[in-house]
Amino acid sequence: MKQFEKKAEFHPIHDRTYEADVVIVGGGGAGLASAISSMQAGAKKVIVLEKLGYLGGSTNVSGAALNAVDDKRQKAQGIQDSFETFYQSTMKGGHNVGNPELVRYMTRHSIDAVHWMESLGVKFKDHIGAATGSLGQRSHYPVDPSGNAYIRVFEKVIADSNGKIQVLLDTPAKSLIQDKSGRVIGVVADNFGSKVTVKAKDGVILATGGFGANVAFRQKVNTGVWKHVRLDDTIGCTNIQKAAQGDGLFMAQKAGAELIGLSDIQLHPCGTPGTGLMENIRTSGRNRIFVNSDGQRFVSEGAARDVLANAIFHQKGSTYWIVVNKLRYPSRDFKDSMGATIRDMVALGAVVEAPTLDELAQKTGMKAADLKASIQQYNDAVTGKQKDRFGFIANNTDDKPMTEGPWYACKKVPTVHHTMGGIRIDVKSEALNAKGQPIPGLYAVGEVTGGIHGANRLGGNAIADIMTFGHAVGPHIVQGK
Ligand SMILES: Cc1cc2nc3c(=O)[nH]c(=O)nc-3n(C[C@H](O)[C@H](O)[C@H](O)COP(=O)(O)OP(=O)(O)OC[C@H]3O[C@@H](n4cnc5c(N)ncnc54)[C@H](O)[C@@H]3O)c2cc1C
């Protein structure tokens with residue numbers, strides 16, 4: 001896009017100074033939503049500083065599930081829901097340590113973010129699903145696969161903004177500039193060795209994402225739910241490596257912000273062994289069972305992510321198989337929510353395919369009788385024939401018995417996925433110090449913040465968080481509302 005500042009080797013920047021109303025640090029989902037809402041609130045110039053050579057961050061590679069209470073779509077599927085139920089499940093799923101005010105705001109207004117993004121051009125499916133560990137059926141998915149669907153629409157809005165929003169790629173922010181009173185008035189960044197200074201009239205929004213890929217830091221702060229597990233580099237991470245280093249946290253802390261809940265790190269049950277990425281058959285959705293290397297179920301597939309990951313650590317090799325069938329993949333070329341097909345995943349050796357459960361067991365080394373019994377247990381729970389011994393409850397309108405082959409199995413391990421802690425904020429996204437006072441001119445949105453997800457984030461609540469607070473922040477920073 002022509003207004004994007006390209007790499008230094010083509011257009012060298014020599015110690016340059018820019019002026020803007022609002023400066024956003026980080027061009028992922030939270031940053032771009034904040035940039036657009038700031039422009040819509042009246043900012044004449046918004047500058048987005050992005051560390052990498054492209055926009056999107058973790059949002060780009062996410063499954064895009066966004067939880068919202070949606071009268072129209074949920075009712076059409078017969079799903080019972082309410083703002084109160086969403087609030088209660090988010091609080092409870094987060095071990096009741098989330099900030100009730102922030103959780104109330106997100107659960108009440110994520111549907112506004114859905115409508116706002118629709119007004120920008122995002123097309124959502126009518127079908128409402130349930131992301132892994134969502135503890136409810138309220139996950140919205142864009143029609144086009146993955147979080148890239150959001151980023152592409154945001155890029156188009158930026159391209160059409162007549163330069164009101166300017167993106168500087170390959171320009172990592174290094175520090176915040178404060179005046180004598182402590183007000184944040186700009187950012188110092190770097191572009192291939194040249195100093196870039198951006199002055200901010202209304203303020204700076206930090207949207208640098210999480211710190212899951214910063215192995216040293218995550219080990220240092222890992223004193224919470226996973227304190228008994230070494231989060232060193234033998235455990236993978238789903239995030240974009242260079243992006244998720246926690247840069248915004250350190251800048252905010254130097255400016256006086258309080259960091260909260262850093263020990264609350266989320267492990268996702270669905271990592272690929274060896275890399276920790278999540279490219280093959282995601283656990284999201286229903287009609288899949290989790291079995292150990294013998295083919296035995298060991299947990300309720302509908303449980304929260306911390307419960308799932310913990311149960312996996314108790315299996316041989318801390319690994320398990322996710323088993324799905326024709327219900328999830330009606331044909332070899334059916335594209336799942338990430339655009340992946342069975343044909344490709346089998347060709348890559350990531351998925352084992354078999355026409356019958358006996359053959360699947362033989363190919364994976366599971367015990368056929370145990371695997372069949374596992375499918376039977378799941379089906380009995382879905383049809384209500386028998387109460388599930390692991391507590392799986394079919395409370396989702398998508399739940400159906402798994403009966404027909406072909407069958408598919410994909411090996412998975414827990415992987416570092418989300419960092420719930422971060423910059424303490426209030427409901428206006430103002431960054432707060434340890435006394436709970438706003439740091440003038442400093443705001444934070446997205447995974448860089450803390451307090452919303454408590455000790456365990458529900459699946460589908462991160463995209464809800466970044467879009468809800470990104471959508472809302474513009475009037476606060478630009479109009480002081
Ligand atoms: C594989 C995967 C699947 C997921 N699926 C889901 C899902 O389906 N639903 C859900 O709710 N959540 C999901 N999540 C979590 C969710 O995607 C993230 O929590 C969310 O997208 C974070 O958004 P963000 O804008 O805060 O950060 P990001 O999208 O990561 O953006 C941060 C940006 O800041 C930039 N940056 C960092 N440091 C600097 C710096 N110093 N200067 C300038 N720029 C900087 C980064 O390069 C990056 O572009 C998933 C995450 C992953 C990795």
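Me: In which loop is the place of Pro 406?
Reply: This is a predicted model. The peptide bond from Gly 405 to Pro 406 is cis, and its omega is near 0 degrees. Most peptide bonds are trans. As for its place, Pro 406 sits in the loop between α12 (368–383) and β14.

Me: What is phi of Leu 135, a residue other than glycine?
Reply: Start with the location. Leu 135 is in the loop between α5 (100–120) and β4 (139–140). Most residues other than glycine have a negative phi. Leu 135 has a positive value, near 55 degrees.

Me: Which residue in the turn of the β6 and β7 hairpin has a positive phi?
Reply: First find the two strands. β6 covers residues 173–178 and β7 covers residues 184–191. The hairpin has five residues between the strands. In that turn, a phi of about 100 degrees belongs to Gly 182.

Me: In β7, which residue is the bridge partner of Ser 175?
Reply: Strands of a sheet pair through backbone hydrogen bonds, either parallel or antiparallel. β6 and β7 take the antiparallel sense, over five bridges. Within this pair, the partner of Ser 175 is Val 188.

Me: In β18, which residue is the bridge partner of Arg 424?
Reply: Look at β15, which spans residues 422–424. Two bridges join β15 to β18, and these strands run parallel. Across from Arg 424, the partner in β18 is Gly 450.

Me: How far is an oxygen atom of the ligand from an N or O atom in the side chain of Glu 50?
Reply: Of the 41 residues that surround the ligand, Glu 50 is one of the closest. A nitrogen atom of the ligand is 2.9 Å from an N or O atom in the side chain of Asp 247. For the ligand oxygen and the Glu 50 side chain, the distance is 2.6 Å.

Me: How much of the ligand's accessible area does the protein cover?
Reply: On its own, the ligand has 1000 Å² of accessible area. The shell around it has 16 nonpolar, 19 polar and six charged residues. The share of the ligand's area that the protein covers is 98%.

Definitions and conventions. Residues are numbered from 1 along each chain as its sequence is written. This is a predicted model: local features need pLDDT of at least 70, side-chain atom pairs count only at pLDDT 80 or more; totals for chains, interfaces and linings use all residues. Side-chain values use heavy atoms; hydrogens and water are left out. A residue is near a molecule or strand if one of its heavy atoms lies within 4 Å of it. A polar contact is a pair of N or O atoms within 3.5 Å; within protein, one must be able to donate a hydrogen and the other to accept it, and residues adjacent in sequence count only if both atoms are side-chain atoms. Accessible areas come from the Shrake-Rupley method with a 1.4 Å probe; for residues, only the protein chains shown count as cover. Ala, Val, Leu, Ile, Met, Phe, Trp, Tyr, Cys and Pro count as nonpolar, Asp, Glu, Lys and Arg as charged, and the others, Gly among them, as polar. Two strands pair if DSSP finds at least two bridges between them. Helices (H or I, at least four residues) and strands (E, at least two) are DSSP runs, numbered from the N terminus.
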